[in-house]
Amino acid sequence: MPDITTIVILVLLILMMVWMGHTSKKQQQSMKDRENWRQNLEPGDKVATQSGLLAEVVEVLPDYDEIVLKSEDSTSRWRLAAITEPPVRPAYIPDEEDADSATDAAAETTGQTADKQDSDSSDTATKEDSQDEQLTDNSSELNVK
């Protein structure tokens, strides 16, 4: 009769082989989908490169396995393998801090900041909260020209 340790090891090996086969199949399907996407690129499509360049397709040269991209005012030639789908930009949702800074700016124009400062000084904050406030205050002072 086989030892219990042998049975456990055989079961684990079988489970590992099944898991590896499933992972390999998913990876192969993903590679096929990506290759089909690259082959169907047309001028005007938005793409990104693996190095992070966001660009628009100008021309696809399948005979040379190359693609011509336009980014800003320059064009460049890339290998098709370097092209990935562009990142999806989520809709902008303001943070609570952003909403507070917008409220502060509106209150400043109407002269209501003195009331807000009085209420802020009465609040007791932990050390972390005061550091967060300092970062918020410093970030609002930055002016980009």
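User: Over how many bridges do strand E1 and E5 pair in the antiparallel sense?

Analyst: This is a predicted model, in which local features need pLDDT of at least 70 and side-chain atom pairs count only at pLDDT 80 or more, while totals for chains, interfaces and linings use all residues. Residues are numbered from 1 along each chain as its sequence is written, and side-chain values use heavy atoms, with hydrogens and water left out. Strands here are DSSP runs (E) of at least two residues, helices (H or I) of at least four, numbered from the N terminus, and two strands pair if DSSP finds at least two bridges between them. Strand E1 (residues 46–49) and E5 pair in the antiparallel sense over two bridges.

User: Which residue in E5 is the bridge partner of Thr 49?

Analyst: E5 covers residues 83–84. Within E5, Thr 49 has as its bridge partner Ile 83.

User: Which strands stand at the edges of the sheet?

Analyst: The open sheet consists of five strands in the order E4-E3-E2-E1-E5, with antiparallel pairing. Two of the strands have a single partner strand each, so one side of each lacks a neighbour in the sheet; these are E4 and E5.

User: How many residues make up the largest nonpolar core?

Analyst: A nonpolar core is a set of buried Ala, Val, Leu, Ile, Met, Phe, Trp, Tyr and Cys residues joined through side-chain atoms within 4.5 Å; buried means under 20% relative accessible area, exposed over 50%, and partly exposed in between (1.4 Å probe, protein chains only). The largest such core includes Leu 41, Val 47 and Ile 83. Strand E2 (54–61) and strand E3 (66–71) each supply at least two residues of this core. The core's residues number eight in all.

User: Is Ser 74 buried, partly exposed or exposed?

Analyst: Ser 74 lies in strand E4 (residues 74–79). Its C-alpha atom is separated by 9.7 Å from that of Ala 55, 19 residues apart along the chain. Because the relative accessibility of Ser 74 is 44%, this residue counts as partly exposed.

User: What is the relative accessible area of Leu 15?

Analyst: Leu 15 has its place in helix H1 (residues 4–39). Ile 4, Ile 7, Val 8, Val 11, Leu 12 and Leu 15 form a nonpolar patch on the surface. Leu 15 is exposed, its relative accessible area being 53%.

User: What percentage of the residues in the protein chain is buried?

Analyst: The protein chain contains four helices and five strands, running α-β-β-β-β-β-α-α-α from the N terminus on. Of its 145 residues, the buried ones make up 11%.

Terms used. Patches are made of residues with over 30% relative accessible area and no salt bridge: like charges are joined within 9 Å, nonpolar side chains (Val, Leu, Ile, Met, Phe, Trp, Tyr) within 5 Å. Accessible areas come from the Shrake-Rupley method with a 1.4 Å probe; for residues, only the protein chains shown count as cover. A salt bridge is a side-chain nitrogen of Lys or Arg within 4 Å of a carboxyl oxygen of Asp or Glu.
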